[in-house]
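Have a look at the sequence and the model below. The notes after them walk through a pocket, a helix and a sheet.

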Amino acid sequence: MTLWNLGSINADHVYAVPHIPTPGETLAATALNHGLGGKGANMSVAAARAGAQVAHLGAVGADGGWMVERLEGYGVDCTHVQRREGSSGHAIIAVDAQAENAITLWPGANREIDLDAVKQALDGAVAGDLLVTQNETNGQVEAAAQARARGLTVAYAAAPFAAEAVRAVMPHLDLLVLNEVEARQLSEALGTSMEELPVPNVVVTLGAAGCDWIETASGARHHVDAPKVRAVDTTGAGDTFTGYLLAGLSEGLPMRRALELAARAGALKVGRHGAADAIPSREEVEAARF
């Protein structure tokens, strides 16, 4: 199976700070790192490092050639990554001593994706492939509808969170992945519980506590623990989890086994600084002793 990812591609500028700045506060950073990021790129790298066949659908600006090369270096098919005249997306990320972060995004080319080109790319998909998208690009609903019509399994990572974005794409979904804060916000916005959503499978990530998997047809909720680790940087950990989860599903793993694999990958990721470039390989995930 191929995992098709309509996702963002960002240049990450990561600043180490003693604490997350408060309004009006100026802080001196103690370190600065530049790397590949964006929720879409992170998920593509994670899935590819997990062994999946990944085709990325997205866009970069005139300054984004190095990001495409980096994705390709991790095994991601970038045939359908579009080039735009303006700037690529980028993120300003502050990471504090407790590994928490605050992120400011500039969408750039991520919001200028040609949907006709996306449709043409998905013409090459086959029933049984997967599509994943997030809320950092345009065209999520259109791509999800086209993928569902072609018999693909459709997943959505509900971040950056917007209840209306989730509501719009929900009729086309087989799998919804969101964290516990996003789950609470979605429940409040829709006036319903996660068990009552019109999506067959819902995964709620719980950080260090692991995740819950909800089968909405029966209302059954299953818990999967996460390995206990010391976190140094949580940037991209959720994307690593989702990428590994989808890679596991694409190779036919049962949901619980795919979630356990994803939890191990996320645990390794929080022990490393950086985003896409710090995502562990499948060999590292399987060999880890927690």
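Here is a short tour of this predicted model.

## Ground rules

Residues are counted from 1 along each chain as its sequence is written. Because the model is predicted, local features need pLDDT of at least 70 and side-chain atom pairs pLDDT 80 or more, totals for chains, interfaces and linings use all residues, and side-chain values use heavy atoms, without hydrogens or water.

## The largest pocket

The largest pocket has a volume of about 1,300 Å³. (A pocket is an open set of points on a 1 Å grid where a 1.4 Å probe fits, with protein on both sides within 12 Å along at least five of seven lines; lining residues have an atom within 4 Å of a point. The volume is the space filled by probe spheres set on the points.)

Its lining takes in 50 residues, and Asn179, Thr234, Gly236, Ala237 and Gly238 lie nearest the centre. Helix α7 gives the largest share, five residues.

## Helix α7

Helices here are DSSP runs of H or I with at least four residues, and strands are E runs of at least two. Just after α7, Gly252 has a positive phi of about 95°.

## The open sheet

Four strands line up as β3-β2-β6-β7, with mixed pairing; strands pair if DSSP finds at least two bridges between them. β3 and β7 are at the edges with a single partner strand each, so one side of each has no neighbour in the sheet.

Parallel strands β2 and β6 are joined by seven bridges. Ala11 has His90 in β6 as its bridge partner.
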